[in-house]
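Please read the numbered points with the structure in view.

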Amino acid sequence: MWRYILRRSLLMIPIFLLISIVIFSLIHIVPGDPIDNLLGPGMTVEHQRKLTEKYYLDKPIHIQYLIWFKNLLNGDLGRSIIEKRPVGELLMHHLPYSLNLGLSAIVLSFIFGVSMGIISASARNTILDHIAMVFALLGVTIPSFWLGLILILIFAVMLGWFPVTGSGSLQTLVLPAITLALGGAGLIARVTRVSMLEVISKDFVVLLHAKGLGKRAILLKHILRNALIPVITILGLRLGYVLGGAVTVEIVFARPGLGQLLITGLYRRDYPVVQGALLLLAMGIILGTFLADILYAYADPRVRDQHR
Amino acid sequence: MFKKREIIQNPAGAGNPDLTMMPSGQRRRLWRKFTANRLGVIGVVIIIGLVGVASLSDWLAPYSYKEQELSAMYLAPSAEHWMGTDEFGRDVLSRVIYGSRISVYVGVVSVGLSVILGLFIGSIAGYYGGWIDHALTTIADLTWSLPEILVALLLVAIIGAGVECVILAIGLTYWAQYARLIRGQILMLKNEVYVEATRSLGANDFTILFKHLLPNAIGPVVVAATIGVGQAIVLEATLGFLGLGAQPPLPSWGAMMSSGTAYLFISPWVIIFPGLAMMITVLGFNLFGDALVDVMDIKDTTTS
Amino acid sequence: MPLLQVESLRVRFKMEEGYVEPLDGVSFEIEPGEVMGLVGETGSGKSVTAQAIMGLLPFINGEVTEGRIIFMGKDLLSFSEEQWQKYRGAKLSLISQNPMTSLDPVYRVGDQIVEGMLLHLNISRSEARQQAMDLMASLHIPNPAGVYYQYPHQLSGGLKQRIVIAMGLCAGPNLLIADEPTTALDVTVQAQIIALFKEAAIQRGIGLLLITHDLGVIAQICDKVAIMYAGTVVEFGDVVSIFNNPRHFYTKALLQCVPKLGMQKGILRAIPGNVPSVQTFPDGCRFHPRCSGVEPICRLQKPANIHLENGINVACVKYASHLKGSA
């Protein structure tokens, strides 16, 4: 098992390098003078020359990359053009909000989704099954921002149970977390249901009865353990997804998370910020995928012996 | 709680049959099975309805989608304006109807792009195996785990806002799931006996791959594609919501909801109706896809 | 007292289109320490019989409509699910067809053996582990301590099957039902596993119900044999007697089909016609369309199970004369 983990972690390094190159080149791909993109337009020629020298912007591109990367490892991601603050500082300020939201959403979607999936599979083709699956379908089809708006309309405006927007307290977390969770819950419910039905019809399950095991033991110890394998991989992947994909939810609920930082950066052409945010999000995705793989190998012993 | 044992033999033959040689009676049976699935039929009806509305917008819409009537702002739904008006006095119903065109366009083109790309890459990976497979799968894995919104945002930064961003973004991220699906299918099928038989009759790789393997392997991909159209439409709306999709005055559903947010408390219908339209559309595609799974008896549409 | 008595068993399944009756008229007996073979072609209902005896029919939409199953004096058909859970795995065990799919892929094989032991025996986990390893050794599994901690996918087919056998034996059952235990294995491994069964039966004095379609295996280790066709036991009794002097036309035809070394080259014998599917069982005697000795009455009436003097049962109208005035 440990060998597998080691192998997978080593794989993360080249991937990260590759992504960093892509993110770095962003400045040069985006329309506009790279110098303007990095330092902000509308500066005097003198100013430009000084800063160009200071930031090595006249050096060949691979040297720039190496310098940039070195700074990156030291935690220096440049300065925001608009805010005039170090990018790293901005990131650290916004990260906790994204993490809060993302993690609570994942937990919620797991609990909701798995329960719905199990109920569906156990009560197959009954009314309960159909209701749960419709719910799950809605979760997958409703776009998160619309759901967020509707939830605000109902629970914040009409009923007044929760604040409309804002951040910082548990109350402000509820509606956004539910909004973000529903999509994942729908997916998880459907996967759980399919997986359970598949496992239930497997040969070894009938034999478990033949061993004398009771239904409850069979369900909890054997069926779930097998059926949840694909669900676990999904969870790991969702981690990467909720960090970046929560953009719309953050905007609707006015939460100062990474997604919002990224978007405002794009609007304002504040490219150092965009780079920093993308980098962090990319790391989140890579870590999430890594976690998903590790969890998968932990859950399914057959995977450990494969060579990826 | 248990599936009944299959005492009756699978009429199409054990294992994975070669569908290119299916008897016509079998096809008719599939058709009947599909029409029996009520939800699937609803899905098809919705899809046909959507396409109909999109094509016939000029005849169906009571007003123009961009004509402003500043004296008629924020009107609640009424006999004259079934879905009310927005902040510029434009008729919401007409905008929703014309908006379907954008959704259909984006949905079909982007999914088409990603399916073609995915099929190509996936078949090669599955058929040839080895390091080609390994390399392509790693790329696919990475691509698949990217949130499509981020890619879309990146593209916006590079080429500017607009519908093309959405199409490219979807094309560049979603191909991975189709590639995975077709690869899995091909891996499963390429060891079937009829492939061996065809090869021993002298067929080359190309023929085997495209004439026999692909038609049989394409089932899960078709299902994923139908659901993919729904996803594409949602993404377009999301980008529209962020102001990055189709630009005004084009009535993209997402953009409508975006501008409507500011007036959430005054005229919620500006948000509710486009949202409902989108939901019903995506629901239609998903129901259709689910029914296909049932009819074609596809076991695995998850991309793992 | 016989270990297991099955009398006139009739089983039906609920399917989408209605009911089917895969079993109608299954009768046989097993004494303690005896090895009985249940032989028949695919579709004859052998597995269903095993499932019926183990009380697994409710889980697969099946039920017993007629007949009795008496095990160690107890009427199994009257058992509640609780009683069943005490008996299954403990007093009677089932080993099934495909070792590849009989084991839970996410647990170590040793733990899967121990699971049954902890359920039915009153011993500690470490005791169970030790007993499991001893059991594995007695089944000629090399390096039991190492294999214990392996996962199913890491073992060969032969090893997996031995593990499955260990699972069947671990709680010390009185009856072991083995459903085609060697079909999925190589021929060489088959021989080893069959020998294992015989050894286990003799050593532990348990009854063994061996289900197979391989007549050779039956000849090797079975004391008694029941020949099944289309859900009915057509002949039952001592192996040597039946193989040397088959009574039922199906048995005769079956034995003729097996090519023997030294016989003249020529046409391979086959029984004309096809095994009917469960939905198309013929009326009357289910074998009559293919029977070389068919009589008009065979089309109309199902033959009764007739007990012959030498302990053999046969379900054929040709022996009806023995009914009058015999026990």
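**Contact between chains A and B**

1. Chain B and chain A each give residues to their contact: 33 residues from chain B and 33 residues from chain A. Two residues are taken to be in contact if their C-beta atoms, placed from the backbone, lie within 7 Å. The model is a predicted one, in which local features need pLDDT of at least 70 and side-chain atom pairs count only at pLDDT 80 or more, while totals for chains, interfaces and linings use all residues. Residues are numbered from 1 along each chain as its sequence is written, and chains are lettered from A and ligands numbered from 1 in the order in which they are written.

2. On the side of chain B that touches chain A, two or more residues come from each of helices H5 (130-145), H6 (148-159), H10 (219-241), H11 (253-261) and H12 (269-296) of chain B. H12(B) provides the largest share, seven residues. Helices (H or I, at least four residues) and strands (E, at least two) are DSSP runs, numbered from the N terminus.

3. By type, this side of chain B comprises 24 nonpolar residues, eight polar and one charged. Here Ala, Val, Leu, Ile, Met, Phe, Trp, Tyr, Cys and Pro count as nonpolar, Asp, Glu, Lys and Arg as charged, and the others, Gly among them, as polar.

**Chain B as a whole**

4. Chain B contains twelve helices and zero strands. Of its 304 residues, 46% count as buried, that is, with 20 or more other C-beta atoms within 10 Å of their own, C-beta atoms being placed from the backbone.

**The sheets of chain C**

5. In chain C, four strands form an open antiparallel sheet in the order S2-S1-S4-S5. Strands S2 (18-30) and S5 (74-75) of chain C stand at the edges with a single partner strand each, so one side of each is left without a neighbour in the sheet. Strands pair if DSSP finds at least two bridges between them. Eight bridges join S1 (residues 4-15) of chain C to S4 (residues 62-71) of chain C, and Glu7(C) has Arg68(C) as its bridge partner in S4(C).

6. Eight strands of chain C form an open sheet of mixed pairing, in the order S6-S7-S8-S3-S9-S10-S12-S11. Its edges are S6 (92-95) and S11 (306-307) of chain C, each with a single partner strand, so one side of each is left without a neighbour in the sheet. Strands S9 (residues 224-229) and S10 (residues 232-238) of chain C pair in the antiparallel sense over six bridges.

Terms used:
A residue is buried if 20 or more other C-beta atoms lie within 10 Å of its own, exposed if 12 or fewer, and partly exposed in between; C-beta atoms are placed from the backbone.
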